[in-house]
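Visitor: Could we go through this model together, one topic at a time? I will ask as questions come up.

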Amino acid sequence: MILKGDQILDYKIDKIWQFIVNTDNLAKCLPNVKKLEKIENGFSAKIEVTIGFLKGTFDSKFTYSEVKEPNYLKINGEAKGMGSFVKLSLQINLSQEIDKTKFSWVADVSITGPLASIGNRYINDVAEKIVNDLFSCMLSNLK
Amino acid sequence: MNEYKWIGKPIKIKDDYYPVTGKATYLDDIELPNTAYVAFLRSPYGHAKIKKIDYSKALQRKGVIYVLTGKELPNYLSPYPQIPKPPAGNLVDYPMAVEKVRYYGEPVVAVVAEDKYTAEDALEDIDIEYEVLKPVLDVEEAVKNEILVHEEIGTNIIWIGEWNYGDVEKALKEADLVIEDKFIFHRYTAAPLETAGAMAVYDGINDVYTIYSNNIMPMFTLPLICTALRVPPSKVRMITPPNIGGSFGTKIINYTYMTVLALLARLLKRPIKYVETRTENITNGGHSNGRTFYVKVGVKKDGEITGISVTAYDDIGAYPRYEPAGAVVWSQVLHGMYRVKNIKITFYSVLTNKPPTSPVRGYSRIQHNFMWERLMDRIAKKLGLDPVEVRLKNYIRPEEMPYEGPSGVIYDGGNYIEALKLLLKYLEYDKWRELQKEYRKQGRYIGIGISGVIDSGANNFAQVKMINKDFPVSGNSEAALIMVDPGGDIIVRVGTTDSGQSHDTTFSQVVAEILGVNPEDIKIIRGFDSWSNVWAIHSGSYASRNAVMATGALIGAARRLKEKILKIASFLLKEDESNLDINNGVIVSKVTGRSISLRDLATIAWTDVNLLPGDIEPGLVSFYIYRPDFRRNLPDENKRINNTLTYSYELHGVVIEVDKDTGMVKILKQVVIGDPGIMINPLVVEGQEIGAAMHGNEAALNFRVYFDENGAILNPNFLNYTPMTIDRMSNLELYHYITPSTSSPVGARGVGEGGGGPIAAIINAVEDALEPLGVKLIMSNVVSEELWKEVNKNDIKG
């Protein structure tokens with residue numbers, strides 16, 4: 001499943017890049033993180049997720065697999081929980097537009113297990129919420 | 001037909017009392033002290049290697065007793081026996097995944113806990129590392145053997161069979177037109193109200209397992225369980241509770257649960273119980289066989305079929321749990337309702353990385369019927385004929401009945417032509433054809449579809465000898481025991497397992513008929529117990545068999561008992577036996593009027609035994625095992641066999657409308673004409689027929705199991721796998737055109753599996769509705785989203 005979006009941010013590309021390339025920054029912006037650990041090229045986190053009427057905890061691992069300063073970042077993620085597996089490949093593209101930066105992202109998400117059956121129904125809403133939370137967290141941290 | 005006193009009467013269904021008043025006892029109602037509960041951690045993938053299982057955390061959870069992994073099973077169990085000879089016969093099947101998972105939902109770990117909630121919660125504590133493999137989900141991909149489901153047999157093809165009669169090549173040459181087509185029958189399930197489950201108890205002193213389950217053919221699955229547990233059948237007692245909440249064939253393959261629970265009961269010395277959740281039932285409780293047909297049919301201009309050649313690929317899922325029986329069962333209806341003589345069918349039974357299939361109402365014949373009935377409409381459209389005309393042209397004629405088909409099946413009567421005329425009358429066929437033209441002008445998509453289905457019943461197991469001639473099973477049998485107890489009550493035991501077919505009512509009528517008593521005086525012992533009830537090895541409720549099989553056994557036992565009753569009465573009344581008959585429970589002489597009540601006679605027979613004639617053994621009890629003669633009892637080298645006993649048929653007609661704005665299919669009118677032969681109780685028969693029609697409507701319009709590219713099922717719950725509800729069936733009209741069966745004891749035919757009728761009728765109707773748009777449907781299921789796209793494709797493009 002491919003999810004994507006873009007947003008114009010009122011900051012210069014370098015500032016945004018510095019923020020997202022730091023795993024600590026990104027990790028603390030993930031919503032409902034219960035436990036966080038640094039690993040090589042990334043971090044592992046225990047995240048509480050609510051999908052529709054279901055609530056569960058996921059053990060997740062994120063690694064920065066490709067880093068091309070200051071435009072391109074690829075993050076691979078794996079999460080296990082609720083008897084299901086989620087795989088994520090997130091690509092972020094930054095492009096400078098005068099004083100602003102266009103932040104575009106494409107996520108390839110695959111879900112298997114019981115969650116797959118309800119996931120498709122709610123995943124867009126959940127993804128939208130997570131992304132919105134991430135952006136607002138990022139913006140407040142960039143201030 | 002009118003000579004019967006009780007057979008044929010719509011007497012009130014007494015079985016309904018229990019479920020309607022909440023007094024029914026199902027498997028999950030049986031509680032034993034000290035029971036522990038199982039939950040299965042199931043595979044999230046269709047195909048993956050199991051690399052590591054870590055369940056240490058689960059064991060630490062309060063209430064968890066034990067964890068068993070599939071990896072350990074070979075230490076305790078043997079694989080299940082297989083029907084085919086090697087190589088397919090070498091397939092290794094355990095009830096849980098050992099080295100790799102082969103289908104979504106395959107049990108990998110079993111957690112045993114003090115209660116079922118703890119067991120289920122503990123599944124989250126288990127960590128399994130998988131190496132994900134590419135699954136093979138498409139049957140036509142699977143036959144290429146590029147991805148193997150079972151490496152140990154080196155192929156995904158379990159069996160290939162060829163049926164070849166007449167001269168198909170010549171027939172196709174002589175045809176005016178040869179039509180080639182492809183049809184796909186989809187996977188769906190039965191969604192019984194009660195899911196599958198089992199409970200096992202181990203008696204260590206006698207080394208005996210008692211297995212409670214809602215299995216519908218317990219004695220037939222027993223050898224599978226015994227092979228796995230490495231014990232003789234005498235060491236396993238099989239019990240089913242008084243009530244089973246529907247099965248529709250699916251509750252045959254739950255023997256895998258029974259095996260695991262029996263093992264755990266032995267290991268833990270406690271009763272062990274497991275009942276599927278709804279999600280587990282939809283996922284793994286048994287799907288119908290998906291089947292792909294490639295058809296080549298030769299026709300004359302007037303619609304007469306000269307010959308047909310078919311290649312069929314049957315998707316049986318990852319393990320042959322009842323298969324490859326389905327690879328031969330369809331041949332009961334090889335030629336459908338048609339008098340075609342030149343037929344060649346090549347049939348592949350194929351493994352895929354999908355859950356194992358099970359019989360589902362209309363098992364294996366429903367797919368084949370679908371192919372025939374879709375084909376008739378396609379022929380009609382190609383030739384510019386009415387679908388009715390093409391059917392009438394090719395139907396077996398009433399004067400040809402009983403009809404012996406090219407494969408040796410013996411159709412036991414029927415009048416397809418008159419039944420179809422009746423259908424057209426009640427459907428108001430001509431009126432709707434006119435209306436259709438009018439509505440089309442208004443931009444409304446109305447379609448009319450008809451379809452027939454052969455609902456064959458009381459199977460002959462010798463058909464599996466086509467797969468393996470040495471496989472030791474053939475024919476069919478059922479056992480009954482009837483006793484007039486010392487108090488004069490009539491107690492009946494039968495080996496069947498009632499899963500909602502109203503056996504009490506029907507069986508009471510049959511026994512009452514023979515014994516000359518009232519049905520309400522008869523008590524049928526509900527439930528099955530291999531140690532205290534009677535059974536034959538084929539006992540159970542499957543293959544629409546009991547209108548014939550149980551009836552045969554009951555008549556045999558009742559006649560034996562009646563003979564004894566009359567013999568004793570003759571002695572006591574000093575009357576010739578030929579003067580005596582039983583009326584309302586009293587043995588009366590037609591000559592002198594002398595009489596004795598059955599009650600008084602029973603007291604003498606059981607307790608005052610010195611009053612009996614010297615050559616009569618005490619007691620009033622009789623036992624009988626019925627075995628029908630199929631006339632062609634065993635297959636010959638050309639697969640000629642009569643592989644079932646009765647061939648009831650139903651004709652279905654529907655008028656539907658496809659809503660342009662939503663793609664929803666609305667049934668405007670639905671008519672069913674059934675020919676179940678002599679109906680023992682018309683209310684019971686009608687229930688079976690309506691239920692089957694409902695299941696067919698579900699299959700055509702609702703039920704379809706969706707898989708993602710990993711083989712995961714995307715709709716395993718009632719949120720998006722929605723059963724048909726009675727409010728959507730309000731347009732159904734049911735009528736009968738009765739011809740008695742020429743093969744069965746009272747002229748009755750088995751029914752309840754006519755669900756294929758509506759499937760082809762609805763698909764035919766939808767295609768008919770969308771004809772102006774040139775829409776061709778390939779599958780046996782339509783969903784609104786797909787239809788909406790078809791209906792609006794021009795607008796969408798714009």
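Guide: One term first: two residues are in contact if their C-beta atoms, placed from the backbone, lie within 7 Å. The model is predicted, so local features need pLDDT of at least 70 and side-chain atom pairs count only at pLDDT 80 or more, while totals for chains, interfaces and linings use all residues. Residues are numbered from 1 along each chain as its sequence is written, and chains are lettered from A and ligands numbered from 1 in the order in which they are written.

Visitor: Which strands of chain B does helix α7 lie across?

Guide: Helix α7 (residues 218–229) of chain B lies across β10, β11 and β22 of chain B, and its direction is at about 140 degrees to β11(B). Helices (H or I, at least four residues) and strands (E, at least two) are DSSP runs, numbered from the N terminus. Axes are lines fitted to C-alpha atoms, for helices over the stretch in contact, with angles from 0 to 180 degrees between N-to-C directions.

Visitor: What else packs on that sheet?

Guide: Helix α8 (residues 255–268) of chain B does, touching β1 (36–42), β3, β5 (107–113), β9 (197–203), β10 and β12 (272–275) of chain B. The direction of α8(B) makes about 35 degrees with that of β9(B).

Visitor: In what order do the 8 strands of the open sheet come?

Guide: The order in chain B is β3-β5-β1-β12-β9-β10-β11-β22, with mixed pairing. Its edge strands, β3 (64–69) and β22 (528–529) of chain B, each pair on one side only. Strands pair if DSSP finds at least two bridges between them.

Visitor: Do β10 and β11 of chain B pair in the parallel or the antiparallel sense, and over how many bridges?

Guide: Strand β10 (residues 208–213) and strand β11 (residues 236–240) of chain B are parallel, over 4 bridges. Within that pair, Y209(B) is opposite V236(B) of β11(B).

Visitor: Which strands make up the open sheet of 3 strands in chain B?

Guide: That sheet has the order β4-β2-β6 in chain B, with antiparallel pairing. β4 (100–101) and β6 (127–132) of chain B form the edges, each pairing on one side only. Strand β2 (residues 48–54) of chain B is joined to β6(B) by 6 bridges, and A48(B) is found opposite V132(B).

Visitor: Moving on to β19 of chain B: why is it described as largely enclosed?

Guide: 7 of the 7 residues of strand β19 (residues 478–484) of chain B are buried, so the rest of the structure largely encloses this strand. A residue is buried if 20 or more other C-beta atoms, placed from the backbone, lie within 10 Å of its own, exposed if 12 or fewer, and partly exposed in between. On one side of β19(B) are E478(B), A480(B), I482(B) and V484(B), and on the other are A479(B), L481(B) and M483(B); both faces are covered.

Visitor: What does β19(B) pair with?

Guide: One partner is strand β26 (residues 621–626) of chain B, antiparallel over 6 bridges, where M483(B) faces V621(B). Another is strand β20 (residues 490–494) of chain B, antiparallel over 5 bridges, where A480(B) has V494(B) as its bridge partner. β19(B) and β20(B) form a hairpin with 5 residues between them, and G488(B) in the turn has a positive phi of about 90 degrees.

Visitor: Now the helices: at what angle do α12 and α13 of chain B cross?

Guide: Helix α12 (residues 387–394) and helix α13 (residues 416–427) of chain B have axes that come within 10 Å and cross at roughly 165 degrees. That makes α12(B) roughly antiparallel to α13(B). Angles under 35 degrees count as roughly parallel, over 145 as roughly antiparallel, 65 to 115 as roughly perpendicular and the rest as oblique. V388(B), R391(B) and L392(B) of α12(B) meet I417(B), L420(B) and L424(B) of α13(B).

Visitor: And how do α11(B) and α12(B) meet?

Guide: The axes of helix α11 (residues 365–383) of chain B and α12(B) come within 8 Å and cross at roughly 115 degrees. M376(B), D377(B), I379(B) and A380(B) of α11(B) make the contact with P387(B), E389(B), V390(B) and R391(B) of α12(B).

Visitor: How many residues of chain A are in contact with chain B?

Guide: 9 residues of chain A are in contact with 12 residues of chain B. On the chain A side, β6 (84–97) and α3 (114–142) each supply at least two residues, and α3(A) gives the largest share, 4 residues.

Visitor: Lastly, is N76(A) buried, exposed or partly exposed?

Guide: N76(A), in strand β5 (residues 72–81) of chain A, has 17 C-beta neighbours inside 10 Å and therefore counts as partly exposed. Leaving aside neighbours within four places in sequence, N76(A) is in contact with T63(A), S65(A) and S89(A). N76(A) and V86(A) are 10 residues apart in sequence and 11 Å apart in space, C-alpha to C-alpha.
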